[in-house]
Amino acid sequence: MGEEGTKGTVHLLCLAASSGVPLFCRSSRGGAPSRQQLPFSVIGSLNGVHMFGQNLEVQLNSARTEDTTVVLLVGLEELTNIRNVERLKKELRASYRLIDSFLGDSELIGDLTQCVDCVVPPEGSLLQEALSGFAEAVGTAFISLVVSGRVVVATESWWRLGMPEAVLLPWLVGSLPPQAARDYPVYLPHGSPTVPHRLLTLTLLPDLELCLLCGPRPPLSQLDAQLLERWWQPLLEPLRGCLPLGPRALPAGFLLHTDILGLLLLHLELKRCLFTVEPSRDKEPSPEHRRRLLRSFYTLVTATHFPPEPGQPEEKAEEAVHRAQVARACYLVSGTEEPGTGWRLVALQLGPRRLLLLLSAQSPTYGLRGLATHTLHALTPLL
């Protein structure tokens, strides 16, 4: 696979490694899907570079996307042992919406953080109790409640799913067109790359869906309206309270400092995160710009300022010795440090939690760490 950017357009090209046959090409311009396709001559050139490098045991540097994006829907065996290219191309069409959502300007961030995008419901304990009872009633342990691609509550078994499927499954649901119910075959890149599972989805309210990961049973017909009403009709108001949480992530009553324009909170052990750019929507910059600023800042601080999480295999012994000397907080000013100009970005890590804040230009630099520390303490009970 490779990516090429031309005049603001991003192309994702997937070729069969052995033959160079194009399997698919998806394009995005300005964060939205585009019909603009790569010319065949460009595809041939990219394949030529790939083949040349392969003969010299050199990888093509732009091949930054792994099979995990499409293995979820097609299966690792089909991608590594292609027997019928035309059949594979047809099967890959089922992944187009998921691929397009990664190329576009998504409101989610799990693709970058490898943490599950979550929200905090106002009555989470009631929803969790109902979800556990519903899971027992239908006979499957892997169930979650998802709003706009973000997990509201989930069973313990669902939370134990490995990466990347824990991120990809709710993202997939959020990328699909609205339907009352679905029975969708999925391959799990970590847990089951060659044998498909069934992903059943049931819409309770617009953008709010139950997701069940199961084997041959239960049949979709067993999950009828009467069963749903028995478990979820009494919780109609708490369910409605989840709908605004898609972009906001936090409960309506949770107050943030007026300088905060966006935040990203990660729990590095649980692999969950809260991400929102909704605070102070009447201020600049736009939500799209805020997301880009926080994504870029996350990439910067993860690569340069914060160490790997404990237990990661890439951490060397000498790095572990110096962990105590590594910074736990950093900030960045976009523009000048003069009052009233530029955006402030601050990152703070305490224990398993890492908080990134985007702040308005009025926020003084000398108070950034104090504001971040206060905000992290306030958010800690939520994640």
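Reply: Helices here are DSSP runs of H or I with at least four residues, numbered from the N terminus, and an axis is a line fitted to C-alpha atoms over the stretch in contact, with angles from 0 to 180 degrees between N-to-C directions. In this predicted model, helix H5 (residues 96–103) and helix H9 (residues 165–175) pack at about 100°, their axes being 9 Å apart. Residues are numbered from 1 along each chain as its sequence is written; local features need pLDDT of at least 70, side-chain atom pairs count only at pLDDT 80 or more, totals for chains, interfaces and linings use all residues, and side-chain values use heavy atoms, without hydrogens and water.

Me: Which residues in H5 and H9 meet?

Reply: Contact means heavy atoms within 4.5 Å, and here Arg97, Leu98, Ser101 and Phe102 of H5 meet Leu168, Trp171, Leu172 and Ser175 of H9.

Me: How many aromatic pairs does a search of the whole structure find?

Reply: Rings of Phe, Tyr and Trp (its six-membered ring) pair if their centres lie within 6.5 Å, and planes under 30 degrees apart count as stacked, over 60 as edge-to-face and the rest as tilted. The search finds two such pairs. The ring centres of Phe102 and Trp171 are 4.5 Å apart with planes at 20°, so this pair is stacked. Because Phe102 belongs to H5 and Trp171 to H9, the pair ties together parts 69 residues apart in sequence.

Me: Is Trp171 buried or exposed?

Reply: Buried means under 20% relative accessible area, exposed over 50%, and partly exposed in between (1.4 Å probe, protein chains only). Trp171, at 3%, is buried, whereas Phe102, at 22%, is partly exposed.

How values were computed
Helix = DSSP H or I, 4+ residues; strand = E, 2+ residues; numbered from the N terminus.
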